[in-house]
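Good morning, and thank you for making time for this item. I would ask you to look at the sequence and the model together while I speak.

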Amino acid sequence: MRDRIEQAIVKNALEPEWESVFEPNSYEFRPGRSCQDAIGQSYIRTCSGRDTWVLEADIKGCFDNFDHESILNIVGNFPKKELIKGWLKAGFVFQVKFNPTEEGTPQGGVISPLIANIGLHGLETYIKATNPRLGVVRYADDFIVTARDKESLETAQDLIQAWLSQRGLELSPEKTLITSMEDGFDFLGFNHRHDNGKLLIKPSKKKVLDFCKRIGREVSNLNGVEQEVLIKKLNPILRGFANYYKGVVSKETFSYIAHWVWQYLWSWAKRRHPIKNTKWVRKRYFKTIKGNRWTFACTTNDRRGKEIEKTLYQIGYTPIERHVKVKGEASLDDPFLKEYWDKRFQKLGKSYWAKGSNYYLVAQTQNWKCPICGESLLNGEELETHHIVPVVQGGLDDVSNLQHLHKSCHKQVHSRIQVL
């Protein structure tokens, strides 16, 4: 615990400095940035009339092979440089045997993602210095380079390999490819392809098929449970997939998934009542909601005994909402951009909760901020909903009795209550 606390302190000291200089098109492990921002930048580079060739690059064993000295040299004269060196050299114990770490960054460490980004800092600048017309989008150790001709990317690939070798890294031969936009490529689970000159970004076929198989396994594993339990299990899975892909051309994909979800649920319902007819099974497990006669739903009781309707998330009806990419060099630590980030997080919050729901109204009442720390609710930290008057004391799920808090802030609130 002491080690993780020290890492958090050092990270808090290092991150603002590096966020002010990090390259504009690196996105993972950075506050205020997401996968959707990376996809937004790839759209800008490969949309109609722009780049038509892509280098799909993957660094082989990136986090396992970083050269320690290169990272320490980049960190420079940071006051706690020796602590960082200690974490890099700490080693690990596996099956009661100590294994030294002469290279690579510690997996699961609080500061590890930041160190990895520091280690890869400069790649975009280097690539564009060799050819300013190239585009770069990096998400951790996965990155793409875009160009208008194949030859530029072949040259860039050799130069990138030389740059990486200075840091003890190399490109993965199996996963590094040069692809035409007519053939398309997958990046971060999204397929990019030119169709008659028009760019289409969709969920990748592999991710969709894997997701459908996962839903099938989840339903199969819950054969004997009540309908309410199954709905509770599937809803966050379906909603998570929809939220990840709702910013691209996904309507057809969502409908396809909805079809397979219905097939799995219908088989699940029929297995529970093998001697009942189709009409009886439909009435038992499916309700008519908003004109849809096949909505998987049930009536149950909340913790106060009040009847409520539990409905499966209807992924097929998920609206497409275009994601607005973060500004290239915008940093959360820049005091002059406070208004920009407040407006951005507020907009993200409006799409995070269903409009008109109690949770949406709670966030709106709080002005989309955590009342404990004053930071934006959607700053990347995990969220929890707090009952001001506890449920055991008769507290209701009304807007006036609820607060959205960051998980760490929620713990603080309950720690104070216990002390009192």
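Two strands are taken as paired if DSSP finds at least two bridges between them; helices (H or I, at least four residues) and strands (E, at least two) are DSSP runs, numbered from the N terminus. This is a predicted model, in which local features need pLDDT of at least 70 and side-chain atom pairs count only at pLDDT 80 or more, while totals for chains, interfaces and linings use all residues. Residues are numbered from 1 along each chain as its sequence is written, and side-chain values use heavy atoms, with hydrogens and water left out.

I begin with the sheet. Three strands form an open sheet in the order β7-β8-β9, with antiparallel pairing. At its edges are β7 (185–187) and β9 (198–203), each of which pairs on one side only. From one strand to the next, the twist averages 30°. Six bridges join strand β8 (residues 190–195) to β9 in the antiparallel sense, and D195 stands opposite K198 in β9.

Next, a pair of helices. The axes of α11 (residues 251–272) and α12 (residues 278–285) come within 10 Å and cross at roughly 110°; axes are lines fitted to C-alpha atoms, for helices over the stretch in contact, and angles run from 0 to 180 degrees between N-to-C directions. The two helices, α11 and α12, are therefore roughly perpendicular to each other, a term that covers 65 to 115 degrees.

I turn now to the pockets. A pocket is an open set of points, on a 1 Å grid over the protein atoms alone, where a 1.4 Å probe fits, with protein on both sides within 12 Å along at least five of seven lines; lining residues have an atom within 4 Å of a point. A volume is the space filled by probe spheres set on the points.

How much space lies in the largest pocket? The value is about 2,200 Å³. Its lining has 46 residues, and N235, R239, A354, S357 and Y359 lie nearest the centre. Helix α10 (227–245) gives the most to this lining, with eight residues.

The second largest pocket has a volume of about 1,800 Å³. Of its 50 lining residues, F345, L348, L378, N379 and G380 lie nearest the centre. Here α13 gives the most, with eleven residues, and α1 (2–19), α2 (35–46) and α10 are among the elements that each supply at least two.

Thank you; I welcome your questions.

Notes. Angles under 35 degrees count as roughly parallel, over 145 as roughly antiparallel, 65 to 115 as roughly perpendicular and the rest as oblique.
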